[in-house]
Every structure is written in structure tokens, then in C-alpha cells.
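Me: I have a model open and want to learn to read how its parts pack. Can you take me through it?

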Amino acid sequence: MPTTPQAWGRGKLLAILAAALGAGLALLAGLGLFIWQVLADEPAQTPATNDTAPSPVVLDETTLPQEGPARREQIADAQMLTVDDPRAYREGQVTTTVAEPLGVPSPTRTGPVDVPTGYPQTPEGAVGQLAAIDVAVIQAMSVPATHEIYRSWSTGDADPADWVMTGNVTDFLTAAGQSGQTKEAGLVVTATPAAGQVKGTDGQDWTVACVLLELHARLVEEARVAYGHCEPMTWTGDRWVIDTTRPVSPAPSTWPGTELAAQAGWRPWADNH
């Protein structure tokens with residue numbers, strides 16, 4: 001059975017910002033990846049490493065069906081690198097591997113709910129569109145806005161309340177002590193694509209796209225973590241949208257440029273203008 005993409009979730013991530021409610025209180029990073037006191041007095045730690053060095057599942061194109069639902073199911077279900085160390089989301093050993101950058105095209109126009117679009121009908125275009133959707137959600141950090149974005153940028157009648165990013169937003173707002181369903185003035189959250197990968201494709205109109213975002217949150221102080229997210233993207237009309245019929249396995253969240261990021265298959269983000 002396919003699983004839903006990995007949420008920031010309370011078990012792993014109440015940490016790009018939870019609460020900085022007064023002088024002397026630690027700033028907690030909260031987004032659903034892990035619980036982490038950014039400014040607390042912590043003992044020195046060595047950079048995150050992958051002691052067991054698990055290998056991600058590499059899709060063997062020769063074993064996949066040529067096209068159709070069976071091919072899409074196998075691509076969606078294929079497991080990616082599992083990352084259990086919460087330090088991996090914010091640090092790690094810089095890799096000696098030089099990965100080929102992923103050239104992502106630039107948007108050419110603005111689409112529904114002001115999300116950039118106009119990406120070409122290519123796998124890299126699907127990666128760019130997913131990143132644009134994620135960035136819009138994170139920077140709005142609003143439950144109503146997330147619902148509107150999901151309805152405008154997905155297929156079918158799936159409930160926006162069930163989308164992984166909706167859960168991420170509610171976890172963040174809860175952890176940050178916000179009143180209501182939208183971040184308050186003074187709380188700044190930004191997302192920048194740092195890496196991406198194409199997990200698999202089925203023809204020209206279906207791709208499992210993955211983006212690794214560098215997240216920044218600032219209230220009193222600033223915290224940073226990395227968040228990996230995959231979605232199946234399908235070409236509809238003249239744009240890529242999320243295929244709500246095909247849940248995918250979770251993406252690894254690893255700090256960009258690290259050994260774990262290389263093992264996970266992340267390729268540095270490169271804008272193709």
C-alpha cells in the first residue's frame with residue numbers, strides 16, 4: 001500500500017519555530033521534522049552522519065512496466081533513503097561527491113492564487129511547479145490559504161485537510177503559539193529550493209517530483225532546517241498539478257550539500273533561465 005508523504009509532524013518536527021514568548025526562553029524550531037531547542041545550552045555534538053549507510057532504492061527502469069497504473073504504483077511506492085537522526089535536518093558532513101545539478105526552468109507567468117507557473121511539460125518542469133506550490137504554502141503559513149492552494153493545484157476532490165502540507169502548517173502554527181489559523185505579524189517564514197530530484201516518470205504527462213527546501217523561520221531569533229517533499233505531478237491542460245490519486249513514499253530531509261543528501265539522491269538546484 002502506498003503511504004502519504006512525510007509530514008513535519010509532532011513526532012519528528014515541532015521545530016523550525018515553536019515559541020519565543022519572552023526573554024530567556026529558548027527558540028524552538030518547529031515544522032514537524034523534529035523537536036529541537038536551537039538556542040538552548042546543548043553539549044557539543046559531532047555533525048550528523050549516517051552510521052549504517054543505508055542505500056536508497058534505485059529504480060531499475062528495466063524492471064518497470066512500460067506505462068500505465070502499474071508503473072506509476074511502483075514508482076510511487078519505491079522507498080527512499082530513511083533518515084532517523086534529527087540533526088540531519090540542520091547539519092552534516094559536507095560530501096566529497098559532486099552531484100550533477102538539476103536544471104529547473106523558470107516560471108513564465110502567474111497561475112491560480114498567485115502561484116508561479118508556466119513551467120514546461122518536462123520532469124524538471126514538474127519539479128519547479130511543486131517547489132512553487134510548496135513555497136507559496138510555507139510563506140503564507142495559513143490554513144485557509146493552504147486549502148485554496150491545494151484545491152487550485154491538484155486533481156480530483158481530495159480533502160485539503162488531509163494534505164501533508166496542511167498538517168505541516170497546523171503543526172507549525174500550534175508549535176509557534178500563534179492565535180488563529182494564520183501566522184501573526186512578526187513571524188517570518190521563508191522557503192528556498194536547495195535541491196531536487198526526479199524519482200520517476202510515466203510518459204510526458206506524469207512525474208514523481210521531489211524538492212528539498214531550506215526553511216527559515218524568524219520571530220525573536222532565526223532557525224533553519226531542511227525539508228524534503230515528493231508528490232506525483234500530472235500535466236493537465238497547460239500546467240502541472242498534484243495527482244491526488246497516487247500517494248508516494250516519504251522523501252528524505254537532509255541538509256543540502258551533505259553526504260546524506262548525496263546518498264539520498266538530491267541534486268543541487270540550478271535555475272535555468
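Me: Which residues in H2 meet which residues in H3?

Reply: Start with the term: contact means heavy atoms within 4.5 Å. From H2 come Ile-133, Ala-136, Val-137 and Ala-140. They meet Ala-145, Thr-146 and Ile-149 of H3. By class, this contact has six nonpolar, one polar and no charged residues.

Me: What should I know about the source of the model and its numbering?

Reply: This is a predicted model, where local features need pLDDT of at least 70, side-chain atom pairs count only at pLDDT 80 or more, and totals for chains, interfaces and linings use all residues. Residues are numbered from 1 along each chain as its sequence is written, and side-chain values use heavy atoms, with hydrogens and water left out.

Me: What do the labels H and S cover?

Reply: They are DSSP runs, numbered from the N terminus: helices are H or I with at least four residues, strands are E with at least two. The protein has five helices and 10 strands.

Me: How is a pair of packed helices described?

Reply: Two packed helices are described by the angle between their axes and the distance between the axes. Axes are lines fitted to C-alpha atoms, for helices over the stretch in contact, and angles run from 0 to 180 degrees between N-to-C directions. Take H2 (residues 123-140) and H3 (residues 143-152): their axes come within 9 Å and cross at roughly 165 degrees. That makes H2 roughly antiparallel to H3. The cut-offs are under 35 degrees for roughly parallel, over 145 for roughly antiparallel, 65 to 115 for roughly perpendicular, and oblique for the rest.

Me: Is the crossing of H2 and H3 left-handed or right-handed?

Reply: The rule: if the near helix is turned anticlockwise from the far one by less than a right angle, the crossing is left-handed; if clockwise, right-handed. H2 and H3 cross in the right-handed sense.

Me: How do the axes of H3 and H4 cross?

Reply: The axes of H3 and H4 (residues 164-175) come within 10 Å and cross at roughly 170 degrees. H3 and H4 are therefore roughly antiparallel to each other. H3 supplies Val-143, Thr-146 and His-147 to the contact. H4 supplies Met-165, Thr-166, Val-169, Thr-170 and Leu-173. By class, that contact has four nonpolar, four polar and no charged residues.

Me: What can Thr-170 show me about distance?

Reply: Thr-170 sits in helix H4. Thr-170 and Val-143 are 27 residues apart along the chain, and their C-alpha atoms are separated by 6.9 Å. At 31% relative accessibility, Thr-170 counts as partly exposed. Buried means under 20% relative accessible area, exposed over 50%, and partly exposed in between (1.4 Å probe, protein chains only).

Me: How many residues of H2 are buried?

Reply: H2 is mostly covered, with 13 of its 18 residues buried. Across the protein, buried residues make up 49% of the 273 residues.

Me: What span should H2 have?

Reply: The expected span of a helix is 1.5 Å times one less than its number of residues. For the 18 residues of H2 that comes to 26 Å, and the end C-alpha atoms are 26 Å apart, which agrees.

Me: Which phi does Met-141 take?

Reply: Met-141 has a positive phi of about 45 degrees although it is not a glycine. Met-141 lies in the loop between H2 and H3. Met-141 is buried, at 0% relative accessible area. Val-113 also has a positive phi of about 45 degrees and is not a glycine. Val-113 lies in the loop between S4 (109-110) and S5 (116-117). Val-113 counts as partly exposed, at 30% relative accessibility.

Me: Which residues does Thr-95 contact beyond its neighbours in sequence?

Reply: Leaving aside neighbours within four places in sequence, Thr-95 is in contact with Gly-257, Thr-258, Glu-259 and Ala-262. Thr-95 lies in the loop between H1 (69-77) and S3 (102-105). Thr-95 is buried, with a relative accessible area of 17%. Gly-92 lies in the loop between H1 and S3. Gly-92 and Leu-260 are 168 residues apart in sequence and 7.5 Å apart in space, C-alpha to C-alpha.

Definitions and conventions:
Ala, Val, Leu, Ile, Met, Phe, Trp, Tyr, Cys and Pro count as nonpolar, Asp, Glu, Lys and Arg as charged, and the others, Gly among them, as polar.
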